[in-house]
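Subject: Structure for you to look at

Hello,

Here is the structure we talked about handing over. Please open it next to this email and follow along.

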Amino acid sequence: MGNGTPHPLATRLAAPIGMTRWLHCGFTASGASITARSFWLQGIVVMPEKTAYSPYMHFSRDQWAALRNAVPMTLTADEIDTLRGINEELSMAEVTEIYLPLARLLDLYASAHQQRSTTLDQFLGNHARRPPFVIGIAGSVAVGKSTTARVLQALLDRWPTSRRVALVTTDGFLYPNATLDARGLMARKGFPESFDIARLLEFVSELKAGAPKLEVPLYSHLVYDVLSDRTQMVDQPDIVILEGLNVLQSGMDYPQNADHVFVSDFLDFSIYVDADIDHLNAWFLNRFMTLRESVFADPNSYFHKYAHLSETEAQATANRIWRDINEKNLVENILPTRERASLILTKGAEHAVEQVMLRK
Ligand SMILES: Nc1ncnc2c1ncn2[C@@H]1O[C@H](COP(=O)(O)OP(=O)(O)O)[C@@H](O)[C@H]1O
Ligand SMILES: CC(C)(COP(=O)(O)O)[C@@H](O)C(=O)NCCC(=O)O
């Protein structure tokens with residue numbers, strides 16, 4: 001390697017991104033560890049951190065954003081309007097530099113997945129299946145999973161491959177508050193024991209088998225509960241984005257799940273959205289205080305009981321909820337799943353992605 005011959009990794013990485021050229025990378029094997037010396041990607045020197053046995057390629061923000069040059073990508077005015085509608089705090093630089101290249105990669109992986117399914121069906125002589133390409137998005141409460149999922153859904157819709165993209169959140173598979181209350185689990189919402197695992201597993205298994213017309217329960221942050229009168233229909237989409245803090249957990253995280261199979265076994269690609277705990281705390285507080293200005297005033301809101309609190313009392317309440325529930329769940333059950341992801345997006349302040357790690 002390093003003599004100009006394309007490294008197998010180069011071919012594999014270049015193919016999914018549709019690059020006409022290839023990675024030129026040089027490895028030196030020294031003793032027990034192989035240290036990647038350097039990558040040249042379209043003339044960009046991508047210097048991964050010197051780590052032994054890292055299953056990831058590391059990209060700085062600029063190195064990831066430069067991947068757009070490989071496949072020029074622009075957004076129409078309508079697409080920008082759609083994205084702004086998702087979240088007015090979302091910066092277009094974030095979309096064009098981070099999420100557009102990522103959506104392009106996912107679109108190419110989805111094409112490769114479709115080809116693999118066709119090949120498998122030919123081998124099996126079975127043409128009934130239409131298994132979707134399932135993308136999992138995991139991470140802490142308030143890290144931006146839902147926003148990332150909606151941005152990627154909007155961007156994946158745009159490519160000529162014109163695929164149907166469904167977005168499902170695992171929040172809907174939480175037990176209803178009445179059940180959590182009866183079991184003394186209201187302060188454990190989002191923890192493994194608060195989910196109806198059997199129902200979630202049945203859904204992802206049916207989904208991956210290509211089943212039509214699947215009914216999915218819905219969670220409402222307004223009533224802070226699973227809705228009893230509304231569900232979502234998922235009818236053989238080409239791509240499913242499955243977003244939730246537990247999608248990378250394994251069967252071992254769920255003792256009640258005897259066969260030790262879990263959501264992560266049904267994912268074709270997974271993204272972990274990461275950020276320092278201090279940022280997460282601030283983002284959770286900001287979301288709570290924003291909701292206080294709007295949703296809390298609604299008598300139907302679970303949090304209406306907090307509407308009368310002063311700003312200081314509301315902040316103290318939000319910090320208590322964060323510390324006693326969401327941060328505890330992050331440290332015990334979510335952060336340990338980070339290195340299972342296909343891709344890790346590391347955010348800094350203001351939700352700006354600073355590093356992208358992509359599995360080799
Ligand atoms: N890329 C982003 N830019 C700016 N604000 C964001 C971004 N992603 C999320 N947010 C904000 O952070 C908070 C949490 O986002 P959300 O998508 O609800 O997270 P999660 O689904 O992980 O709980 C929300 O207030 C949202 O507006
Ligand atoms: C419903 C959730 C577990 C889902 O998490 P998210 O979609 O916000 O990542 C979380 O928002 C939640 O309600 N946690 C319990 C503590 C709290 O009220 O924030």
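Before the first residue, one term: a polar contact is a pair of N or O atoms within 3.5 Å; within protein, one atom must be able to donate a hydrogen and the other to accept it, and residues adjacent in sequence count only if both atoms are side-chain atoms. The model is predicted, so local features need pLDDT of at least 70 and side-chain atom pairs count only at pLDDT 80 or more, while totals for chains, interfaces and linings use all residues. Residues are numbered from 1 along each chain as its sequence is written, chains are lettered from A and ligands numbered from 1 in the order in which they are written, and side-chain values use heavy atoms, with hydrogens and water left out.

Serine 220

The side chain of S220 reaches the backbone nitrogen of L222 at 3.0 Å. S220 sits in strand β7, residues 214–220. Helices (H or I, at least four residues) and strands (E, at least two) are DSSP runs, numbered from the N terminus. Is S220 buried or exposed? S220 is buried, with a relative accessible area of 13%; buried means under 20% relative accessible area, exposed over 50%, and partly exposed in between (1.4 Å probe, protein chains only). Not counting residues up to four places away in sequence, S220 touches D225 and L227, where contact means heavy atoms within 4.5 Å.

The chain overall

The chain has 9 helices and 12 strands. Of its 360 residues, 51% count as buried. Among contacts between residues at least 6 apart in sequence, 66% join residues at least 24 apart.

The sheet

An open sheet is formed by 7 strands, in the order β4-β12-β11-β10-β5-β9-β6, with mixed pairing. Its edge strands are β4 (56–60) and β6 (165–169), each of which pairs on one side only. Two strands pair if DSSP finds at least two bridges between them. On average, neighbouring strands of this sheet are turned by 20 degrees against each other, direction ignored. Strands of a sheet pair through backbone hydrogen bonds, either parallel or antiparallel.

You can find both kinds of pairing here. Strands β5 (residues 133–139) and β10 (residues 269–275) run parallel and are joined by 5 bridges. Which residue in β10 is the bridge partner of G136? The partner is S270. Strand β4 pairs with β12 (residues 353–359) in the antiparallel sense, over 5 bridges. There, S60 has Q355 in β12 as its bridge partner. Strand β4 is also mostly covered, with 4 of its 5 residues buried.

Two helices that pack

Two packed helices are described by the angle between their axes and the distance between the axes. Helix α4 (residues 92–124) packs on helix α5 (residues 145–156) at an angle of about 60 degrees, and their axes are 9 Å apart. Axes are lines fitted to C-alpha atoms, for helices over the stretch in contact, and angles run from 0 to 180 degrees between N-to-C directions. On the α4 side, V95, Y99, L100, L102, A103, L106 and D107 take part, and they meet T148, V151, L152, L155 and L156 in α5. By class, this contact has 10 nonpolar, 1 polar and 1 charged residues. Ala, Val, Leu, Ile, Met, Phe, Trp, Tyr, Cys and Pro count as nonpolar, Asp, Glu, Lys and Arg as charged, and the others, Gly among them, as polar.

Helix α4 also holds S117. S117 is buried, at a relative accessible area of 6%. Leaving out residues up to four places away in sequence, S117 touches R129 and P131.

Arginine 292

R292 belongs to helix α8, residues 277–293. With a relative accessible area of 16%, R292 is buried. What does the side chain of R292 make a polar contact with? It is the side chain of E293, at 3.3 Å. Beyond its neighbours within four places in sequence, R292 is in contact with A297, L309, S310, E311 and A314.

Two loop residues

A142 has a positive phi of about 75 degrees although it is not a glycine. A142 lies in the loop between β5 and α5, and counts as buried at 11% relative accessibility. Q236, also a residue other than glycine, has a positive phi near 50 degrees. Its place is the loop between β8 (225–234) and β9 (239–243).

Regards
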